Every structure is written in structure tokens, then in C-alpha cells.
Amino acid sequence: LWFASRLGLRSVDPYFDTLYSAFEMIASGVTTVQHLHPRAAGGLAGLERTADSVLRAYGDIGMRVSYSMALRDQNRLVYAPDAEFIDRLPASLGAEMASYFDAYTVPFDEQIGHFESLLGVHGDKRCIRIQLAPSNLHWLSDSALAAIAETAETHDACLHTHLLETRYQKAYAFQRGGGSALAHFQRFGLLGPRLTIGHGVWMTEEDIALCADAGITLCHNCSSNLRLKSGIAPVNRFLAKNIPVAIGIDEAGINDDRDMLQEMRLVLRMHREPGIDAPHPQATQVLRMATEHGASTTPFAGTIGRLSPGMEADLVVFDWRDITYPYQDDDIPFVDVLVQRARPSAIRTVMVAGEVIYEDGEFTLVDQAAVLAELAERLAMPPTPEEKRMRELSKAVFPYVETFYREFDLPDIELPFYRHNDRY
């Protein structure tokens with residue numbers, strides 16, 4: 001439902017929007033972001049302008065970025081063809097939605113060309129990488145999946161997708177291919193160590209085994225899963241199969257911010273299953289999810305994410321007294337203390353590629369106060385006629401989206417992997 005509600009958002013310049021998010025990420029110790037941009041109006045030129053603005057923002061603030069424009073060629077509002085959904089609407093509303101879809105339509109070969117163009121321009125820059133992002137099964141036709149597989153093979157590209165985030169996606173995959181979304185991706189040769197899967201909430205035991213065999217990395221978006229009522233991912237089963245698990249925020253954390261330290265604590269606590277012998281993540285595992293395994297979801301893998309000789313100098317310096325005051329028992333392991341007690345207020349320095357980009361609460365390369373003032377001034381202006389039109393469109397189409405999902409053929413499937421009477 002959130003796709004329909006977001007049609008009515010205020011229009012914010014991607015440059016300032018990106019800086020705003022980067023401020024929060026860096027202030028909580030994040031040096032590298034996996035940026036999957038969802039959409040841009042204006043055809044191919046719009047994609048190019050958006051990418052330029054986003055990458056310029058990260059370059060100005062000094063943050064590493066692995067950038068992708070999320071690839072999609074179908075089902076852009078609900079899990080059905082755009083034309084089919086338009087037919088469910090009154091004529092005037094259908095015409096408005098058709099116009100909206102047209103504004104965001106880019107032929108799929110041009111989307112692939114956009115990836116290749118970005119790769120050619122930015123592929124050898126120290127703090128920028130370009131990835132392929134097959135957004136999700138329901139957004140991609142089989143011909144698009146085949147084109148992505150061929151492009152990934154040609155360029156040895158890393159891929160990032162969202163799969164099995166919701167029970168609706170699980171049901172859609174079965175309706176489309178008679179099995180799992182993961183099995184559908186496997187038919188096109190998309191599984192392997194280059195692939196990261198975001199969410200994976202509704203995976204079966206067979207899906208998890210498939211991930212382990214293929215060397216896939218899972219990106220766990222704990223806050224997002226809670227905010228969107230998606231469910232709780234079977235993280236303990238991923239860990240039991242030695243699947244690398246990374247932590248992502250998927251745009252905004254539990255407090256509508258991008259506080260990675262808080263997200264780590266949420267992951268630590270969310271997966272403590274009932275029973276003293278039941279599995280649960282350790283603080284050391286959570287730290288690795290946020291560092292080395294986070295790095296492994298990007299083409300920067302092997303160069304960041306660890307404090308080791310030969311790695312890039314991406315460092316976060318904490319004030320230990322700030323973390324532990326007024327007391328900390330010395331018997332508690334260091335990493336346990338860091339994961340459970342560290343707050344952004346304890347961060348003194350953030351360094352990327354040897355350059356200090358944040359120190360003592362101040363950003364060294366960008367004037368945060370000026371950026372926030374610019375954002376405040378722009379958003380204090382009355383909504384434009386186009387913003388008002390989109391807000392009305394959002395309100396008008398929302399009930400039809402809601403009805404679509406209420407009528408969706410949804411089998412009676414339970415959330416997997418919860419222990420009850422020694423069965424799960």
C-alpha cells in the first residue's frame with residue numbers, strides 16, 4: 001500500500017534528499033551506502049539527471065556509494081499488469097494513472113544501457129561502484145530477467161534484489177511460476193556469490209538451502225520489515241546455514257531515521273527465539289553483519305569492512321567514556337558493550353578512504369546547516385500545482401489498490417520458522 005500513498009509526497013531535489021540521508025547515516029558510523037534508486041520521471045534523461053544528482057551528493061559529502069537504478073518493466077503499482085489495473089479504475093482516474101505510468105516509462109533496453117553508461121563513467125572511481133538491481137520478481141518479466149542475467153555475465157556485475165519480502169510476493173511467485181521466487185531466478189542463472197537478496201522474510205527451508213549452496217548474501221532489513229508489516233526474517237536459520245547476513249535499513253529505521261547503531265541492537269534483540277536453548281544472534285555476529293558482510297553486498301567487497309592491512313582506511317572512532325559512563329563491568333566482552341551501548345553521540349570521527357568526513361559532530365566537506373536550511377525553505381513553500389495533483393491522485397487511487405490486495409488470491413500460509421512445541 002505504501003507505493004500508492006507515496007504518489008503524493010512532496011517533490012524534493014535528489015541532491016538534497018541524498019545529503020539529508022547521508023547526514024544521518026554518517027553520524028551513526030556508516031561509511032558506505034547501497035543506493036537503489038526506485039524511479040525517476042522524464043524517461044532516460046530523467047534517470048541520468050537523477051543519477052548525476054545522487055552521485056554528486058555522495059561525492060560532495062565524501063561517502064562511498066554503490067549505486068543502482070532499480071530495474072523494472074511491469075506491475076509498477078500492484079502485482080498485476082499496469083493496463084489490467086487501469087481497467088479496474090473509473091475512466092478519468094484510469095487516464096490519470098496511465099499518464100503517470102507514461103512519465104516513468106523507460107524501455108528496458110535503455111535501462112540496461114543506463115547501467116552500462118554509468119559503469120563506463122564511474123567504474124574506476126575510488127568511492128563509486130555501479131551495480132545491477134533486478135528490483136523484484138513481480139516487477140520484471142522473464143525477458144527482462146534474461147537480459148539482466150546476460151548483462152551481469154558480460155560485466156561480471158554484482159546484483160542486488162528484493163525477494164520474498166511479503167506473503168503477497170510469495171503467493172505471486174507461486175501463481176506465476178508454480179514455485180518460489182528464488183527458484184524462478186535460478187532458471188535464469190541469477191543465483192550465485194554476486195547476488196544479494198534483500199529481506200527473504202518468506203523463504204522456505206528449500207530456499208535457504210538454495211541460498212547456502214549458491215553462496216548468496218542476505219541483506220536483513222529488520223526495521224523495514226516491521227514498519228511495512230512484512231514479518232520477521234528467519235535470520236537464525238540463515239546463520240545456521242552459514243549464509244552471510246548483512247544489515248540494511250531499506251531507507252528508514254524504526255525511528256524514521258538512519259541510525260545503524262540502533263538497527264544493530266534491534267537485530268540483536270529481534271531474533272531471540274523463546275526458550276533458553278533456542279537460537280539467537282551474538283553481538284559479534286551482528287557487528288560482522290554491519291561491517292564485513294555489509295561490504296560484501298557491494299563491489300567494494302574485499303577492500304572495506306575490516307580493519308586489516310591492505311584494506312581501505314574506512315574508520316569510525318568512538319569515545320569509549322561516552323559509551324561506558326558512568327560504569328562498565330570489565331568482564332563484559334568489548335564487542336558486546338559496543339553493540340549494546342554505543343550511540344551516535346559517542347562517535348567522534350568518521351573516515352572514508354583515509355579522509356575525515358565527520359569530526360566532533362560536524363561534517364567536514366558539506367555545510368549541514370546550510371543544506372537543512374535550504375530544504376526547510378523549499379518545503380515551506382506551498383505545494384505546487386503538480387504536487388497537489390499527485391496528492392489527489394494518491395488519495396483517489398489508494399482505495400483501489402487496497403481492494404486489489406484484499407481480493408488477492410492469498411493462500412493461508414503462516415510465517416515460517418517459529419518454534420512451537422519443538423516444531424517449526
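Which residue of S11 does Glu 359 stand opposite? Glu 359 stands opposite Glu 362 in S11. The model is predicted, so local features need pLDDT of at least 70 and side-chain atom pairs count only at pLDDT 80 or more, while totals for chains, interfaces and linings use all residues. Residues are numbered from 1 along each chain as its sequence is written, and side-chain values use heavy atoms, with hydrogens and water left out.

**The sheet**

- An open sheet is formed by 4 strands in the order S8-S9-S10-S11, with antiparallel pairing.
- Strand S8 (315-318) and strand S11 (362-363) are at the edges with a single partner strand each, so one side of each has no neighbour in the sheet.
- Strands here are DSSP runs of E with at least two residues, and helices are runs of H or I with at least four, numbered from the N terminus.
- Two strands count as paired if DSSP finds at least two bridges between them.

**Strand pairs and hairpins**

- S8 pairs with strand S9 (residues 347-352) in the antiparallel sense over 4 bridges, and Val 350 in S9 is the bridge partner of Val 316.
- S9 is joined to strand S10 (residues 355-359) by 4 bridges, and the two run antiparallel; Val 356 in S10 is the bridge partner of Met 351.
- The hairpin of S9 and S10 has 2 residues between the strands, and Ala 353 takes a positive phi near 55° there.
- S10 and S11 are antiparallel, with 2 bridges.
- Their hairpin also has 2 residues between the strands, and in this hairpin Asp 360 takes a positive phi near 50°.

**The negative patch**

- Glu 359, Asp 360, Glu 362 and Asp 367 form a negative surface patch.
- Glu 359 is found in strand S10 and is partly exposed, with a relative accessible area of 39%.
- Buried means under 20% relative accessible area, exposed over 50%, and partly exposed in between (1.4 Å probe, protein chains only).

**The loop at Asn 242**

- Asn 242 is found in the loop between helix H12 (235-240) and strand S7 (245-247).
- Asn 242 counts as exposed, at 70% relative accessibility.
- Asn 242 and Leu 307 are 65 residues apart in sequence and 22 Å apart in space, C-alpha to C-alpha.

Definitions and conventions. Patches are made of residues with over 30% relative accessible area and no salt bridge: like charges are joined within 9 Å, nonpolar side chains (Val, Leu, Ile, Met, Phe, Trp, Tyr) within 5 Å. Accessible areas come from the Shrake-Rupley method with a 1.4 Å probe; for residues, only the protein chains shown count as cover. A salt bridge is a side-chain nitrogen of Lys or Arg within 4 Å of a carboxyl oxygen of Asp or Glu. Lys and Arg count as positive and Asp and Glu as negative; His and the chain ends are not counted. The place of a charge is taken as NZ of Lys, CZ of Arg, CG of Asp or CD of Glu.
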